[in-house]
Amino acid sequence: MSLIIDSVSKRFGAVLALDDVSLEIKPGEIFGFLGANGAGKTTAMRIVLDILRPDSGTVAWNGMANTEVSRGTWGYLPEERGLYAKMKVLDQLVFFAKLHGVKPKDAARETREWLERFRIPEYADRRAEQLSKGNQQKIQFIAAILHDPQVLLMDEPFTGLDPINVALLKEAFLEMKARGKTIIFSTHQMETVEEMCQSIAILDRGRVVVNGAVRDVRRSTGRQVVRLAVDGDSELAWLGTLDGVRVSRRGQDYTEAEVASGHDPEVVLRAAIERKCRVLHFEIADPSLEEIFIEHVGQIDASERTLAPKAVYA
Amino acid sequence: MNGWRSLFPNAWYVTVREFRGRTSSRSFIVGTILLAILAFAATQAPVAIDAVAGGSQTRVEVVELASNVPSDAQAVLDQALNGAPIPGSTQRGGFALTWLAGDRLSAAQKDLEAGEFGAMLVVERDAATGDLVFTLRTDMPSDGRPAQLIANAVRSLAIEDRLVRAGTSTAAVLAPTKWSVLPVSSSGGATVNNLNQEIASSLLSTGLVVLIFMAIITYGTWVAMSVAEEKGSRVMELMLNATTPLQMLTGKVMGNGAAGLAQYGSIIGAVLVGLLAQGPIHSAVVGGPDSGPSVGGLTVPLLASFMILFVLGFLLYSLLYAALGSLVSRQEDVQAATSPLMVLVMVGYFLSIAAIQSITDTWVVVLSYVPFFSPYLMLARVAGGHVQPWEFGLAVALMLAAIAVALFLAARIYSAGVLLYGQRVGLRQIFKAARVSR
């Protein structure tokens with residue numbers, strides 16, 4: 001009872017967009033898809049949706065091949081948002097729902113409920129082109145869920161939204177999770193992943209480099225992070241001289257250091273006390289996803305890989 | 001194959017959306033209204049010509065003092081002044097004649113002086129020679145064009161009078177010599193068409209061919225545009241999750257086709273209303289009776305053939321338009337992508353214009369079975385009246401087969417093409433993409 005992607009490969013010309021990708025996504029969880037632009041996230045989603053066919057490998061939902069399951073199983077929010085510009089919001093949402101076999105009446109009622117929840121009930125009779133980007137995205141989200149799909153595939157759902165709308169959309173995500181839906185979304189925003197996802201996969205150039213429950217992934221390095229603040233010494237120059245300790249970030253509130261695998265993070269606290277420092281803050285934590293991401297993929301540079309190989313199917 | 005199952009109801013929903021979207025756009029509404037007005041106006045052209053000509057009509061009263069004037073004198077004079085009546089035309093000549101008996105001379109003189117007539121023509125008979133003698137009373141210059149025309153006309157009447165007195169008539173003297181043209185073999189079922197009919201039918205077939213030509217180019221481009229628009233606005237990906245390419249393709253072709261038919265219907269409606277209104281408008285504007293509307297050569301079988309070929313031609317071409325439209329990412333590129341089709345449409349059009357002159361030639365008959373050219377050439381042949389029912393049936397069957405092939409190919413190209421973004425697409429990529437996609 002889960003979504004299983006098994007040894008999927010897909011090549012576009014000279015570019016291997018997906019290289020033997022295998023993933024298992026458990027029903028009812030929120031799954032984060034991470035990767036730089038061009039890593040293969042969108043291609044993977046399109047293959048799951050059976051919009052694209054893989055060169056090899058299979059996708060199955062609840063034991064049934066994705067080419068056989070009903071299209072209504074999937075709710076899709078494409079990375080490139082698309083609505084009919086000249087159509088009224090309510091009309092096109094009902095239209096999309098009808099294509100999935102929803103009765104127009106039910107679709108209209110459901111649409112109004114969601115518009116209410118997103119605080120834009122007055123937009124039902126406006127044309128899509130008259131809406132702001134953020135509001136169009138809410139409409140796009142409604143279009144993806146109106147037919148009550150089992151699995152939601154959301155490609156960069158939080159990109160381009162202001163904090164208020166991000167909060168609204170996160171709330172909607174949690175609501176869908178509460179309804180038992182499986183949610184897969186891709187993003188660059190690591191904090192969102194840490195906040196919402198139970199499991200993640202990091203893709204790099206078509207390969208899965210990290211996969212698992214968020215907690216396990218963060219512990220998998222064996223490294224730990226300490227955050228230390230002492231009274232009267234914001235430099236903490238001595239910190240870097242400790243064995244197995246590397247200063248990773250100096251901030252106003254505290255200094256962060258990584259403690260290598262096999263070393264006890266409490267060494268840092270003991271060293272501070274030995275130096276007669278008055279410790280204001282001491283914290284031991286797992287490395288953040290961002291650090292793990294950087295470790296596996298390199299610097300997150302959104303602009304760098306968007307222009308990557310020309311022949312990639314967008 | 002996934003794409004082929006359960007075409008409806010989704011194809012129908014797409015059709016309705018396409019139709020509504022197209023027909024509610026401002027360009028469609030304005031275009032349709034303008035075209036309908038133009039079509040209506042065109043049907044009123046004869047009335048307008050009459051109205052203009054009628055304004056400069058010279059009213060002439062003819063007073064018949066002479067006895068034994070030939071019985072067809074009125075017709076002879078009228079034809080000499082206004083020319084032979086053109087069948088199917090409501091046009092009238094520059095002279096309106098009022099014929100009066102001799103005892104009305106003084107009344108006629110009064111009317112002339114009152115300015116009700118431009119001229120009075122008095123017809124008398126010379127007692128010595130027996131010839132007719134004419135007197136024209138008018139303030140028009142005697143060397144002006146109306147006076148000259150009347151002078152010529154009375155000569156015709158004088159000649160007719162002399163011929164009648166000699167025991168014959170102008171009509172008898174000028175009666176056509178009988179002659180016929182027959183094919184070399186007498187068994188060939190000779191159809192000797194009257195020349196007028198031949199001209200009318202070639203005008204008609206040119207008109208119908210132009211109608212089909214315009215429809216395929218205009219409405220085919222609509223289909224390509226609407227595909228490119230969905231790709232451009234990226235609604236395509238959402239649609240691909242909700243429908244199959246075949247459902248989308250079918251809906252687009254049907255929706256745009258229906259919108260096109262609606263536009264054509266309103267234009268044809270305007271023409272019909274215009275033709276029916278010709279009489280009443282004519283009598284209101286110009287006055288006097290009218291010869292009635294004329295649609296020379298337009299028969300029910302021809303109209304039916306036109307509709308069948310129109311629909312099939314549109315289906316065949318618009319499927320290809322949809323396939324080509326799916327290969328571009330922006331509407332601006334549609335023109336370039338569909339230019340090969342444009343060439344094909346143009347070739348068919350020019351072939352058929354050339355064919356109308358030689359409608360029975362072998363090359364015309366052969367090409368009229370080629371599905372891409374059937375809408376034009378078969379139509380031209382039908383209009384020319386040279387087609388057996390089985391010949392028409394064969395052309396339709398071949399077109400249906402071609403449509404089935406086009407549907408299959410277009411669905412493959414379409415499902416591959418709709419996800420191709422931001423690259424120039426050549427034939428190689430199309431085939432490659434069509435092979436790897438579903």
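Chain A has a mean pLDDT of 86, and 95% of its residues reach 70 or more. The pLDDT falls below 50 over residues 302-314 of chain A. That stretch still has 19 contacts in the model beyond near neighbours in sequence. Where pLDDT is low, the predicted coordinates should not be read in detail. This is a predicted model throughout.

**How α2(A) is covered**

- The buried residues are A:Val89, A:Leu90, A:Gln92, A:Leu93, A:Val94, A:Phe95, A:Phe96, A:Ala97 and A:Leu99.
- Chain A contributes to the cover, which includes its helices α3 (104-117) and α4 (133-145).
- Chain B contributes too: α1 (10-23) and α9 (235-242) of that chain are included in the cover.
- Just after α2(A) comes A:Gly101, which takes a positive phi of about 90 degrees.

**Packing against α4 of chain A**

- The axes of α2(A) and α4(A) come within 9 Å.
- They cross at roughly 25 degrees.
- Angles under 35 degrees count as roughly parallel, and α2(A) and α4(A) are therefore roughly parallel to each other.
- The crossing of α2(A) past α4(A) is right-handed.
- On the α2(A) side, the contact is made by A:Val89, A:Leu93 and A:Phe96.
- On the α4(A) side, A:Ile139, A:Ile142 and A:Ala143 take part.
- By class, the residues of this contact of α2(A) with α4(A) are six nonpolar, no polar and no charged.

**Packing against α9 of chain B**

- Helix α2(A) also packs with α9(B), at an angle of about 35 degrees.
- The axes of α2(A) and α9(B) are 9 Å apart.
- Here too, α2(A) passes α9(B) in a right-handed crossing.
- From α2(A), the contact uses A:Phe95, A:Phe96 and A:Leu99.
- From α9(B), the contact uses B:Leu238, B:Met239 and B:Ala242.
- The contact of α2(A) with α9(B) has six nonpolar residues, no polar and no charged.
- A:Phe96 takes part in the contact with α4(A) and in the contact with α9(B).

**Chain B as a whole**

- Chain B has 17 helices and four strands.
- It has 438 residues, of which 42% count as buried.
- Among chain B contacts between residues at least 6 apart in sequence, 76% join residues at least 24 apart.

How values were computed:
Residues numbered from 1 in each chain as written. Chains lettered and ligands numbered in written order. Predicted model: local features only at pLDDT ≥ 70, side-chain atom pairs only at ≥ 80, totals over all residues. Heavy atoms only, no water. Buried < 20%, exposed > 50% of the residue type's maximum accessible area, 1.4 Å probe, protein only. Helix = DSSP H or I, 4+ residues; strand = E, 2+ residues; numbered from the N terminus. Contact = heavy atoms within 4.5 Å. Axes fitted to C-alpha atoms, helices over the stretch in contact; angles between N-to-C directions. Parallel < 35°, antiparallel > 145°, perpendicular 65-115°, else oblique. Left-handed = near helix turned anticlockwise from the far one by under 90°. Nonpolar A, V, L, I, M, F, W, Y, C, P; charged D, E, K, R; others polar. pLDDT = per-residue confidence, 0-100.
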